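Good morning, everyone. Please look at the screen; I will go from the overall picture to the helix pairs, and then to some backbone details.

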Amino acid sequence: MDSFAQRYGPWAVILGASDGTGAAFARRIAAAGVHCILIARREQPLADLAEELTRVHGIECVIASVDLAGADACAQVVAAAGEREVGLLVTNAGADPYGALFLEQSTAAWESLLAINITNTLRCCHHFSGQMRERRRGGLLLVGSGACRGGAARLATYSGAKAFVRCFAESLWQEMKEYNVHVLHLELTTTDTPSFHKLLAEKGRKPLAGMASPDDVARVGLARLPRGPNYFWGQKLGLRASLRRARVRLVSHLSGKYILDPAQADAQRP
């Protein structure tokens, strides 16, 4: 069996890598011998993390301070990667910093959330998965939220954005699997991250009991990557995951009947 580095190396891009689950992913990936391109808005935490990973694991790191809501965010990420061979993309940015009712924030604020979760996620996946498809190996790990399962007050834009991420990842899983490119949507619940603690503090709330640790999230997410398309944090393995895969295959086949010519549609039969 191929090692992690053989399957997903030699370089990984981690979006939202400055702290929390993003930094935990970077530490796990570096420990497996894969060089890291660390992307986030705050430069100093990235520099500190890069120094740690280089010192502890002997890997190379590239850092880039990028506002992942910006119109040119993907172009900046691609420029940071340069000619390096990227075998793994982790999209970890996109938390909701507001926890607000829809009309309590401006449309600009909500559009920024959409740009991180949808527009720039799509652009980065398009760029790096194209290279992975040509090499016939690699992985896309899209970190999402249980909010994707339905709307609620104070989640209007966030839950809609996360529903996109889930459906997008499941579709890519079906499209990319023949090229040996693994795709996983990692669906999280409450996680013990600095951004979540900040939101709780702003709302006058105490930390919640039983939150997932970032290191556990990274460990399980990377282990589940070859077994996409979706993992709901804490779910019982087995039947539920199998049913989700079967649903994606069935819908792909049915949609193909109306879009593809008969020979192509038969080739995609589940």
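This is a predicted model: local features need pLDDT of at least 70, side-chain atom pairs count only at pLDDT 80 or more; totals for chains, interfaces and linings use all residues.

The protein has 10 helices and seven strands. Residues are numbered from 1 along each chain as its sequence is written, and side-chain values use heavy atoms, with hydrogens and water left out.

Overall numbers next. The protein has 270 residues, and 47% of them are buried. Buried means under 20% relative accessible area, exposed means over 50%, and partly exposed is in between, with a 1.4 Å probe and protein chains only. The accessible surface is about 13100 Å². Carbon and sulfur atoms hold 54% of that surface. The areas come from the Shrake-Rupley method with a 1.4 Å probe; for residues, only the protein chains shown count as cover.

Now contacts, meaning heavy atoms within 4.5 Å. Take the contacts with a separation of 6 or more: 69% of them join residues 24 or more positions apart.

On to helix packing. Start with helix α2, residues 20-31, and helix α3, residues 43-57. Their axes come within 10 Å and cross at roughly 25 degrees. Axes here are lines fitted to C-alpha atoms, for helices over the stretch in contact, and angles run from 0 to 180 degrees between N-to-C directions. So α2 is roughly parallel to α3. For the terms: under 35 degrees is roughly parallel, over 145 roughly antiparallel, 65 to 115 roughly perpendicular, and the rest oblique.

The crossing of α2 and α3 is right-handed. Which residues of α2 and α3 meet? From α2 come Ala23, Ala26, Arg27, Ala30 and Ala31; from α3, Leu49, Glu52, Leu53 and His57. By class, this contact of α2 with α3 has six nonpolar residues, one polar and two charged. Nonpolar covers Ala, Val, Leu, Ile, Met, Phe, Trp, Tyr, Cys and Pro; charged covers Asp, Glu, Lys and Arg; the others, Gly among them, are polar.

Helix α2 also packs with helix α8, residues 214-224. The axes of α2 and α8 come within 8 Å and cross at roughly 55 degrees. The pair is therefore oblique. Again, the crossing of α2 and α8 is right-handed. On the α2 side we have Gly20, Thr21, Ala24, Phe25, Arg28 and Ile29. On the α8 side we have Pro214, Asp215, Val217, Ala218, Arg219 and Leu222. The contact of α2 with α8 divides into seven nonpolar, two polar and three charged residues.

Let me zoom in on alanine 24, in helix α2. Is alanine 24 buried or exposed? It is buried, because its relative accessibility is 5%. Not counting residues up to four places away in sequence, alanine 24 touches Pro214, Asp215 and Ala218. Alanine 24 and alanine 218 are 194 residues apart along the chain. Their C-alpha atoms are separated by 5.9 Å.

One more helix pair: α4, residues 73-81, and α5. They pack at about 35 degrees, with their axes 9 Å apart. The crossing of α4 and α5 is right-handed. Helix α4 brings Ala73, Cys74, Val77, Val78 and Ala81. Helix α5 brings Asn120, Arg123, Cys124, His127 and Phe128. In the contact of α4 with α5, seven residues are nonpolar, two polar and one charged.

Last, the backbone. Where are the cis peptide bonds? One joins glycine 9 and proline 10, with omega about 0 degrees. Proline 10 sits in the loop between α1 (4-8) and β1 (11-15). Another joins glycine 228 and proline 229, with omega about 10 degrees. Proline 229 is in the loop between α8 and β7 (230-232).

Then positive phi in residues other than glycine. Arginine 136 has phi near 60 degrees. It lies in the loop between α5 (107-135) and β5 (138-145). Arginine 136 is partly exposed, at 46% relative accessible area. Arginine 154 has phi near 70 degrees. Its loop runs between β5 and α6 (156-176). Arginine 154 is partly exposed too, at 40%.

Thank you; I am happy to take questions.

Definitions and conventions. Helices (H or I, at least four residues) and strands (E, at least two) are DSSP runs, numbered from the N terminus. A crossing is left-handed if the near helix is turned anticlockwise from the far one by less than a right angle, and right-handed if clockwise.
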